[in-house]
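This report covers the sheet, the helix packed on it and the nonpolar core. The sequence and structure come before the details.

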Amino acid sequence: MNNLNITQIQVGDQAKVEKSFSAEHVFLFSQLSGDINPVHLDEEYAQNTMFGKRIVHGALLNSMFSMLFANELPGPGCIYLKSESKFLKPVYLDEVVLFQIEVIDIFIDKKRVVLKTKATVQDKLCIVGTAELYIPNE
């Protein structure tokens, strides 16, 4: 679903993608974002945390929802206005994560769409949330 008009979007429309994050991905994200928390970068440090090993940045994980919005649903040109995410389970390096979005509400007069976001690893919820997008084309 690319470049949809808001009147073409329906409650229940969905998109998804699977992705894993390597140590290199996490390192590059830390350099771009400036988030050098050792729980993401230092295996020895991370072993002594509640996670037991390195975890992927939550912001890096959430960026996959932004990618789905821009590329799939609603598609190019949409504007990401706000989001809320709850992190339920850590994502470790090299785990395959399924990112899913689903349209749950549409406000045609305001050109806005609300989507449910979720990320799972082996059917275990890692992230749940919502996002609101503006759809400028009509």
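In this predicted model, Val-103 of the chain stands opposite Leu-115 in strand 4. Strand 3 (residues 97-107) and strand 4 (residues 112-121) run antiparallel and are joined by 9 bridges. Strands (E, at least two residues) and helices (H or I, at least four) are DSSP runs numbered from the N terminus, and two strands pair if DSSP finds at least two bridges between them.

Residues are numbered from 1 along each chain as its sequence is written, and side-chain values use heavy atoms, without hydrogens and water. Local features need pLDDT of at least 70 and side-chain atom pairs 80 or more, while totals for chains, interfaces and linings use all residues.

The 5 strands form an open sheet in the order 1-3-4-5-2, with antiparallel pairing. Strand 1 and strand 2 each have a single partner strand, so one side of each is left without a neighbour in the sheet.

| Edge strand | Residues |
|---|---|
| Strand 1 | 14-19 |
| Strand 2 | 79-87 |

On average, neighbouring strands are turned by 20° against each other, direction ignored. Helix 4 (residues 58-71) packs on the sheet and touches strands 1, 2, 3, 4 and 5, contact meaning heavy atoms within 4.5 Å. The direction of helix 4 makes about 55° with that of strand 3 (axes fitted to C-alpha atoms, for helices over the stretch in contact; angles from 0 to 180 degrees between N-to-C directions).

The largest nonpolar core has 30 residues, and Phe-69, Phe-99, Ile-101 and Leu-115 have the most contacts inside it. Such a core is a set of buried (under 20% relative accessible area, 1.4 Å probe, protein chains only) Ala, Val, Leu, Ile, Met, Phe, Trp, Tyr and Cys residues joined through side-chain atoms within 4.5 Å. Helix 4 gives the most to this core, with 6 residues.

Definitions and conventions:
Buried < 20%, exposed > 50% of the residue type's maximum accessible area, 1.4 Å probe, protein only.
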